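Please open the model in your viewer and display it as a cartoon.

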Amino acid sequence: MKYFMPNEYIPSVFDLNLEDLHKRKIKGIITDLDNTLVEWDRPEATPELLDWMYFVKQQGFQVTIVSNNNKARVSTFSEPTGIKFIHSAKKPMGKAFRKACKQMGLKKSEVVVIGDQVMTDVFGGNRAGFYTILVVPVAESDGAFTKINRKVERRVLKRLKEKGLIQWEESN
């Protein structure tokens, strides 16, 4: 069960404590795209997200999007932002996380993984040896495959809560 436990739980990427990351010598952020940065069906970044990405880069962090979605979806979103990306990542497999870390020229200890799904982002990031941060999904709706993951995820979170391993309240 420990692999399903995020190291942190925050409402959104906008709540990421960059000062704390600096203190912990974090230099890179691997982030999911759909329902982490924007709604799964929104093709482009919001103005607020573009400002956040600019600020994060200005603070010295490298950012790479690691998404299970296809190249067309991820490149359409990422290329205008100038953010590097890995598509068709096959999360929770660890290969894409390790590839992103290598592309940034950083050690695992210098990188965090952020995502909205326990079954892909947290589980995959934890198994690959990264510090993981779970965020609340941006949208209440999901794509078909994610809906299945969410059902399993709710059971896992309920079990973790029953064991006293999580203290936050789940809205689902």
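This is a predicted model: local features need pLDDT of at least 70, side-chain atom pairs count only at pLDDT 80 or more; totals for chains, interfaces and linings use all residues.

Which elements make a right-handed β-α-β unit with H3? The unit consists of E3, H3 and E4.

**Stop 1**

Select the six strands, which form an open sheet in the order E1-E6-E5-E2-E3-E4 with parallel pairing. Strand E1 (8–10) and strand E4 (84–86) stand at the edges; each has a single partner strand, so one side of each lacks a neighbour in the sheet. On average, neighbouring strands of this sheet are turned by 25 degrees against each other, direction ignored.

**Stop 2: strand E2 and its partners**

Select residues 28–31, which are strand E2. Four bridges join E2 to strand E3 (residues 62–66), and the two run parallel. Within this pairing, Gly28 stands opposite Gln62, and Ile30 faces Thr64. Towards E5, four bridges are again found, and E2 and E5 run parallel; there, Val112 is the bridge partner of Ile29.

Now show the side chains. In a regular strand, side chains alternate between the two faces of the sheet. In E2, Gly28 and Ile30 point one way, while Ile29 and Thr31 point the other way. Are these residues buried or exposed? All are buried.

**Stop 3**

Move to E3, which is mostly covered, with four of its five residues buried. E3 takes part in a right-handed β-α-β unit with E2 and H2, and in another right-handed unit with H3 and E4. Three bridges join E3 to E4, and these strands run parallel.

**Stop 4**

Within H3, pick Ala72. Why does Ala72 count as exposed? Its relative accessibility is 51%, and the cut-off for exposed is over 50%.

**Stop 5: the nonpolar cores**

In soluble globular proteins, nonpolar side chains tend to be buried together. The largest nonpolar core here has 25 residues. Select Leu16, Ile29, Leu37, Leu49, Trp52, Phe77 and Ile114, the residues with the most contacts inside this core. Helix H1 (18–23), helix H2 (47–58), E3, H3, E5 and E6 each give two or more residues to this core. H2 gives the most, with four residues.

Centre on Ile29 and display its surroundings. Leaving aside residues up to four places away in sequence, Ile29 touches Leu16, Val56, Phe61, Gln62, Val63, Thr64, Met104, Val112 and Ile114.

Finally, select Ala89, Ala100, Val113 and Ala128, which are among the 14 residues of a second, separate core.

Methods:
Residues are numbered from 1 along each chain as its sequence is written. Side-chain values use heavy atoms; hydrogens and water are left out. Two strands pair if DSSP finds at least two bridges between them. Axes are lines fitted to C-alpha atoms, for helices over the stretch in contact, and angles run from 0 to 180 degrees between N-to-C directions. A nonpolar core is a set of buried Ala, Val, Leu, Ile, Met, Phe, Trp, Tyr and Cys residues joined through side-chain atoms within 4.5 Å. Buried means under 20% relative accessible area, exposed over 50%, partly exposed in between (1.4 Å probe, protein chains only). Contact means heavy atoms within 4.5 Å. A crossover is right-handed if, with the strands pointing away from the viewer, the path from the first strand over the helix to the second runs clockwise.
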